[in-house]
Amino acid sequence: MKALSRQGATKLSVSDICEASQIARGTFYRYFNSKEEVLAALGQHFEDGVAAAFAAAIQANPDPEQRGQVGLDTIIAHRAASADWENAKDFHLIMT
C-alpha cells in the first residue's frame, strides 16, 4: 500500500513493491508473476475485508429495521480503518 500510495497504480513497479515491502525481487516472483497480480490480490483482500465487516455487523445487529444504519456505520468504520486506500486514487482503474 505504501508503494501504491506513493507511485499510483500506473507508475507502480515491481521494484517499488519490493523496496516498500523489504523483500528481494526473487521472493516477489516466487509468489506473484506481475504487479497486476499484486493489485488483484490487494483488491481481493479489500473486498474480503468489506464483506467480513458487513457480515459481522449484521450478525451483531440482525434487526432488518436497523440494516440501513448498520450498513452506514460499517462503511464509515471500514473506511476510517482503511484510510490508505484513499491515497491509491488510480487503483480502481487497474481493477476494472
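**Close-up views of a predicted model**

**View 1. Valine 14 and its contacts.** Valine 14 touches Arg25, Phe28, Tyr29 and Lys35, leaving aside residues up to four places away in sequence; contact means heavy atoms within 4.5 Å. The model is predicted, so local features need pLDDT of at least 70 and side-chain atom pairs count only at pLDDT 80 or more, while totals for chains, interfaces and linings use all residues. Residues are numbered from 1 along each chain as its sequence is written, and side-chain values use heavy atoms, with hydrogens and water left out. Valine 14 belongs to helix α2; helices are DSSP runs of H or I with at least four residues, numbered from the N terminus. With a relative accessible area of 9%, valine 14 is buried (buried is under 20% relative accessible area and exposed over 50%, with a 1.4 Å probe and protein chains only).

View 2. The buried residues of α5 are Val70, Gly71, Thr74 and His78. Down the helix axis they fall within an arc of 100°, so they line one face of α5; the arc is that of the directions from the axis to the C-beta atoms. These buried residues pack against α4 (35-60). Ile76, Arg79 and Ala80 are exposed on the face turned away from the buried side.

**View 3. The length of helix α5.** Helix α5 has 15 residues (67-81) and, at 1.5 Å a residue, should span 21 Å. The expected span is 1.5 Å times one less than the number of residues. The end C-alpha atoms of α5 are 21 Å apart, which agrees.

Definitions and conventions: Helix = DSSP H or I, 4+ residues; strand = E, 2+ residues; numbered from the N terminus.
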